Amino acid sequence: MTQSKDKCLLLFQSIHRVMQTERLIVSRGVYYQIIPVPKDYSSECGMCIEINCSDLALLEHDLQLNEIYFNIVKVKS
Amino acid sequence: MSKIVDCRGLLCPQPLINTKKALKEATKDEIIEIIIDNATSCQNVSHFLSDNSIPFSLKEENGIYTLTISPTGEGFTPKREAEEYCEVSFPNKFGSYIVVLTANMMGCGNEDLGKILMKGFLNTLPSLDKLPQEILCYNSAVTLAAKGTDTALSLAKLHTMGVKITLCGTCVDFYNLKDNLEVGTISNMLYIAERLSSGILIVKP
């Protein structure tokens, strides 16, 4: 698990989607962190998933296949 | 013969490191004087010496603390790394509370939900105005510090911010994690019982 500077936050509609996505990410073996949704963004679920933006394309494909809908926020750390 | 270890202007863990070095190099009849100019470092060095059963005397004059030690000169191996005694170096950064984790999940109920809440909790702590002084883990909470887990990364981040991470030794043994820990200091029931009964505010998520 490596960490780069550009991070993306994946925001979901429910905690169930967060948990489902976490399982997909774990199976891919990429870096992630479960974090609270930053105050600046609204989301129906209080938790979101932080990933390296470089892994986004890979995970986006997985999420679409599993019909998991989400919003993406790019952040610089 | 005496040796002066001047730690004025130094912040933790440097006075602890210098003290440990002086004790290791000490000869039989050598007296060591550690000079420190801040109360926190003095408290940490005193704790380090007491914990290692090294007798010392302490005097304070105009905010300068002098700890006088008479080592035995038989070689010195600390019980724990000196740096681990570095507590509350930046008092304003820490609150008067510790976090006690009793399981690898937050709350009772659904296990998957509890695990995800725990991850969220650990990743929220760094953004609090006041960090906990310590995170004390026992039972399955020690697995949060296992190498290769995302929770260990979160704990390691807190550790680098100065939060002490303490793990129950019996629990580490039970989960067979002794050689597989990313972060944390192993401690025992006496220490845990002392911390829980010390009167400090305990936050148990």
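Guide: Let's start with the rule: a salt bridge here is a side-chain nitrogen of Lys or Arg within 4 Å of a carboxyl oxygen of Asp or Glu. This is a predicted model, so local features need pLDDT of at least 70 and side-chain atom pairs count only at pLDDT 80 or more, while totals for chains, interfaces and linings use all residues. Residues are numbered from 1 along each chain as written, chains are lettered from A in the order in which they are written, and side-chain values use heavy atoms, with hydrogens and water left out.

By that rule, there are eight salt bridges over all chains. Take Lys21(B) and Glu25(B), whose side chains meet at 3.3 Å, N to O. Both sit in helix α1 of chain B, four residues apart, so about one helical turn separates them. (Helices are DSSP runs of H or I with at least four residues, strands are runs of E with at least two, and both are numbered from the N terminus.)

Glu25(B) also pairs with Lys3(B), at 3.0 Å, N to O. Lys3(B) lies in strand β1 (residues 2-6) and Glu25(B) in helix α1 (residues 14-25), so this bridge ties together parts that are 22 residues apart in sequence. Lys3(B) is partly exposed at 24% relative accessible area, and Glu25(B), at 43%, is partly exposed too. (Buried means under 20%, exposed over 50%, partly exposed in between, with a 1.4 Å probe and protein chains only.)

Now over to helix α3 of chain B, where Lys115(B) and Glu111(B) are four residues apart, about one helical turn. Their side chains form a salt bridge at 3.2 Å, N to O. Lys115(B) is partly exposed at 32%, and so is Glu111(B) at 43%. Elsewhere, salt bridges with shared partners join Glu22(A), Lys119(B) and Asp150(B) into one network.

On the chain B side, α3 (111-124) and α4 (150-160) each supply at least two of the residues that touch chain A, and α3(B) gives the most, with eight. In all, 14 residues of chain B are in contact (heavy atoms within 4.5 Å) with 14 residues of chain A. The area buried between them, meaning the accessible area (1.4 Å probe) lost on being put together and summed over both, is about 1,100 Å², with carbon and sulfur atoms giving 65%.

Methods:
Buried area is the accessible area (1.4 Å probe) that two parts lose on being put together, summed over both.
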